[in-house]
Amino acid sequence: MILEAHNLGWSVRGKPIVAGVDLVVNEDETLGLVGPNGSGKSTLMKLLAGIRRPTSGDVRVKGEALRAMPRPAVAQLIAFLEQQAETTEAITVKDAVDLGRTPWLTPLQPWSPKDDLIVAQALADTDMEGFERRSWATLSGGERQRVHLARALAQQPQILLLDEPTNHLDVQHQLSILDLVAKLPVTSVVALHDLNQALSCDRVGVLSGGRLVALGPPHEVLTVERIGAVFGVRASILTDPADGTHMFRFHPAS
Ligand SMILES: Nc1ncnc2c1ncn2[C@@H]1O[C@H](COP(=O)(O)OP(=O)(O)OP(=O)(O)O)[C@@H](O)[C@H]1O
């Protein structure tokens with residue numbers, strides 16, 4: 001186990017937004033987090049990233065309490081791609097991705113050719129090669145999302161927390177980014193809206209009303225009954241004739 005949450009909760013003005021979450025994320029797995037709008041996915045991701053302090057329970061990374069770890073140590077372990085990630089408009093793509101190396105730089109270990117190689121690889125992995133000198137302000141929504149992911153990859157974390165990483169991406173880049181995340185030798189927690197995408201995760205957690213109501217292998221967790229109860233839609237399961245895999249189609253509940 002690399003990342004754990006124990007009775008994790010966050011309340012605002014006495015209202016629980018995330019409550020009683022117990023979660024163990026295993027090394028190298030990709031855990032998908034799904035749930036309706038407002039179910040607490042982003043809040044849980046922020047708690048796991050250590051950028052929001054729990055009002056109950058705690059998060060442990062490799063057995064150590066996250067709240068007791070110095071920020072640079074956390075940044076060497078965890079990279080977080082926020083849902084609405086912002087970047088100063090005036091920088092270039094290369095500058096933006098270079099920032100991912102910050103946790104690793106010290107006066108004794110300044111920027112070196114190795115850092116350039118890591119940044120180049122992150123740009124290649126996100127299909128952003130050739131954009132290095134472009135100004136951030138000129139990028140499309142999907143290109144910005146890929147640069148944010150490149151920065152997270154350049155951080156070379158052991159844990160990657162991605163809040164809706166396929167937002168803004170065209171279908172080809174959605175597939176390639178999810179494929180890349182699955183193949184990376186890192187532990188990933190990925191908040192997703194597309195339940196068909198969630199089927200390709202190693203495990204899936206379902207949030208409803210701030211509580212983790214199910215956790216396990218995708219096909220055990222994403223049942224037609226649970227999708228109906230949590231998302232209020234009727235799901236039917238189709239089989240792809242090309243390879244026999246299952247996928248969902250959704251209909252209004254009534
Ligand atoms: N600082 C805050 N003050 C008040 N309410 C908040 C605050 N932060 C989050 N919330 C509320 O907590 C609930 C959960 O929000 P969160 O962003 O975690 O949900 P989500 O599952 O990521 O939603 P979405 O799928 O729409 O992105 C929402 O109802 C939101 O309005």
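Analyst: In strand β8, the residue standing opposite Thr30 is Ser188. This is a predicted model, in which local features need pLDDT of at least 70 and side-chain atom pairs count only at pLDDT 80 or more, while totals for chains, interfaces and linings use all residues. Residues are numbered from 1 along each chain as its sequence is written.

User: What makes β3 and β8 a pair?

Analyst: Two strands pair if DSSP finds at least two bridges between them, and strands themselves are DSSP runs of E with at least two residues, numbered from the N terminus, whereas helices are runs of H or I with at least four. Strand β3 (residues 30-34) is joined to β8 by four bridges, so the two count as paired, and they run parallel.

User: Which strand pairs with β8 over five bridges?

Analyst: That strand is β7 (residues 159-163), which pairs with β8 (residues 187-191) in the parallel sense. Within this pairing, Leu162 stands opposite Val190, and Asp163 has Ala191 as its bridge partner.

User: Why are β6 and β10 called edge strands?

Analyst: The open sheet of six strands has the order β6-β7-β8-β3-β9-β10, with mixed pairing. β6 (78-81) and β10 (211-216) each have a single partner strand, so one side of each is left without a neighbour in the sheet.

User: How do you know whether β8 is buried or exposed?

Analyst: A residue is buried if 20 or more other C-beta atoms, placed from the backbone, lie within 10 Å of its own, exposed if 12 or fewer do, and partly exposed in between. Five of the five residues of β8 are buried, with Thr187, Val189 and Ala191 on one side and Ser188 and Val190 on the other.
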